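This report is for a reader meeting the structure for the first time.

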Amino acid sequence: MLSCSVRHPSTNSSTISSLLHQNNQLQKTMGELAYQVVELQHQIKIKESVLEEQHTRLGEQERQFTGVFYACQELQEQVEQVQGENKELKREYDAVLERQRGAETRLREEKVREGHLLEDMILLKKQAAARLNCRNERRSRARDANLQKQLQGAARSKVTVNIESSSSARTSGSTSLKKENQDQDSTERRHTRLFRSASATSPRILTSIRELFDRKRRGHSVCSLEEDLMCPVRICLSARVPARALQMLDAHEQGINAVRFSSSSDMVATGGTDRVIKLWEVRTGSLTHKATLDGSTEGITCIEFDPTGYKILAASYDKSALLWQRDDSVPKLTLTGHSRKVTAARFSSSPHQVVTGSADRTVRLWDLHRAACVQEVEVASFCSDLVCCANCIISGHYDSKIRIWDSRAASCVQELPAQGKVTSLDLSTDHRKLLSCCRDDCLQLVDLRMWSNDRMCFRAEGFKCGSDSTKAVISPDSCFLAAGSADGSIYIWNASTSSLEARLPDKHSSSISAVSWSLSGEYVVSVDKSRRAVLWSDI
């Protein structure tokens with residue numbers, strides 16, 4: 001115990017020192033922890049301020065969200081309201097569309113009825129004409145029979161001449177009486193010779209007269225009897241300016257070069273580089289394919305109907321002109337003789353004659369009786385187009401000149417200068433005005449009654465002549481001009497004011513090659529190089 005008690009103070013002192021050391025360490029640690037606590041408290045305050053800020057911002061965002069939500073609700077209500085209005089408008093539109101369809105249906109029915117009435121009227125006119133022709137034929141036969149009876153009676157009658165009375169009167173009478181008897185005697189002798197001649201040759205006279213009337217009935221044409229009939233002259237009082245396309249179709253397998261209406265306006269002919277001519281019936285605002293005329297070995301450049309509408313004349317790249325009957329797909333005649341392509345072929349003003357112009361710098365007159373060329377005129381330049389009137393032939397050329405020829409003398413009587421290379425010519429229905437289309441993007445209208453170089457020029461912004469064969473046309477009432485442009489639009493001018501009347505775009509995708517206006521003034525047909533044909537009207 002003493003040893004333990006002796007050692008105890010040293011043990012306590014070491015323990016105390018260690019405890020003091022530990023206390024110091026604990027105080028230091030405590031101070032550091034206190035400092036860390038202060039730092040953490042400061043950071044907590046900063047975080048709390050940031051958190052408060054975020055709470056404030058969140059409150060603002062919530063308020064904005066609430067405002068946007070209410071705005072969305074209002075917009076949704078407006079959308080629902082607009083949708084309701086749209087539904088109401090749609091119902092009204094459907095009702096209007098239904099009424100429009102009904103009106104269009106009635107219009108088509110009226111058009112069909114109008115077509116039927118027109119056909120009935122044409123049939124009645126044909127029947128009346130047939131009755132009139134039959135009556136005239138009966139009258140002609142009656143006159144022939146009466147004439148034959150008179151000639152037969154004259155051939156059977158005997159004429160006696162009293163020579164004794166004549167001689168006694170001549171010896172006993174005075175000079176004046178003698179002259180009178182001489183005149184009477186000479187008259188009797190003339191009558192005697194006449195009747196004797198008739199009695200001697202009466203069979204030949206009757207045969208000649210019979211052949212004369214038969215020749216009048218038969219004719220010498222290579223064509224049918226229907227083509228020799230006289231046709232009525234149609235007059236258009238007012239042409240319609242087309243406003244919209246009624247029908248668009250791919251009329252040929254290749255590009256189309258020419259188009260032409262018949263004189264009755266119920267038939268359209270188109271010709272192109274696919275070497276055929278197609279006939280289309282025009283009825284109630286649509287084109288219906290009726291026939292295809294073939295026989296050309298190369299492309300068609302020009303088409304023309306005769307005044308009766310039964311014959312179709314065409315020019316071709318194969319150096320010939322061909323003549324068809326409307327009901328026969330095989331050419332009736334083929335006129336050959338040109339050394340280069342035929343660019344124009346027209347019916348002459350004389351019956352059974354046609355005129356052709358060619359790139360071989362010649363203009364030829366053909367007789368359809370003999371299917372032969374009866375007249376040839378050499379010109380100084382490429383002939384692009386020609387028209388005929390009375391005894392004149394008017395031709396357009398690449399040397400920027402229009403030449404007027406006298407078909408009787410085969411001589412050029414006048415030259416008219418043009419603004420550029422002439423691509424087409426067209427004559428008004430009254431043969432008073434001549435329209436020319438030139439490569440300088442200009443149309444010229446010349447009054448043929450003036451016989452001067454004065455002319456009216458027609459231009460428009462955007463109009464461009466698309467090729468060397470672009471064809472322009474005059475309306476049948478001579479009030480408007482129409483031509484197709486290289487941009488696929490049709491331009492129509494007023495012939496009196498030279499102002500642009502209308503522009504019809506967006507239906508052709510390539511250059512328009514030709515335009516034709518129906519003689520009724522109701523329709524216009526345009527064709528282009530991409531085989532499309534478009535029927536236009538203001539309906």
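This is a predicted model: local features need pLDDT of at least 70, side-chain atom pairs count only at pLDDT 80 or more; totals for chains, interfaces and linings use all residues.

Ala390 sits in the loop that runs between strand E14 (383-389) and strand E15 (392-397). Its phi is positive, about 50°, although Ala390 is not a glycine. Most residues other than glycine have a negative phi.

Arg361 also is not a glycine and has a positive phi, of about 65°. The loop that holds Arg361 lies between strand E11 (353-358) and strand E12 (362-367). Arg361 has a relative accessibility of 47%, so it counts as partly exposed.

## The open sheet E2-E3-E4-E5

Four strands, in the order E2-E3-E4-E5, make up an open sheet with antiparallel pairing. Strand E2 (256-261) and strand E5 (286-293) are at the edges; each has a single partner strand, so one side of each has no neighbour in the sheet. From one strand to the next, the twist averages 25°.

Strand E4 (residues 277-283) and E5 run antiparallel and are joined by seven bridges. Lys278 has Thr292 in E5 as its bridge partner.

## Strand E23 and its burial

How many of the five residues of strand E23 (residues 480-484) are buried? Five of the five are, so E23 is largely enclosed by the rest of the structure.

In a regular strand, side chains alternate between the two faces of the sheet. In E23 both faces are covered. Phe480, Ala482 and Gly484 are buried on one side, and Leu481 and Ala483 are buried on the other.

## The partners of E23

Strand E22 (residues 473-474) pairs with E23 in the antiparallel sense, over two bridges. The bridge partner of Ile474 in E23 is Leu481, a residue that is buried. E22 and E23 form a hairpin, with five residues between them. In the turn of this hairpin, Ser478 has a positive phi of about 65°.

E23 also pairs with strand E24 (residues 490-494), in the antiparallel sense and over five bridges. Gly484 has Ile490 in E24 as its bridge partner. E23 and E24 form a hairpin with five residues between the strands, and Gly488 in this hairpin takes a positive phi near 85°.

How values were computed
Residues are numbered from 1 along each chain as its sequence is written. Side-chain values use heavy atoms; hydrogens and water are left out. Buried means under 20% relative accessible area, exposed over 50%, partly exposed in between (1.4 Å probe, protein chains only). Two strands pair if DSSP finds at least two bridges between them. Axes are lines fitted to C-alpha atoms, for helices over the stretch in contact, and angles run from 0 to 180 degrees between N-to-C directions.
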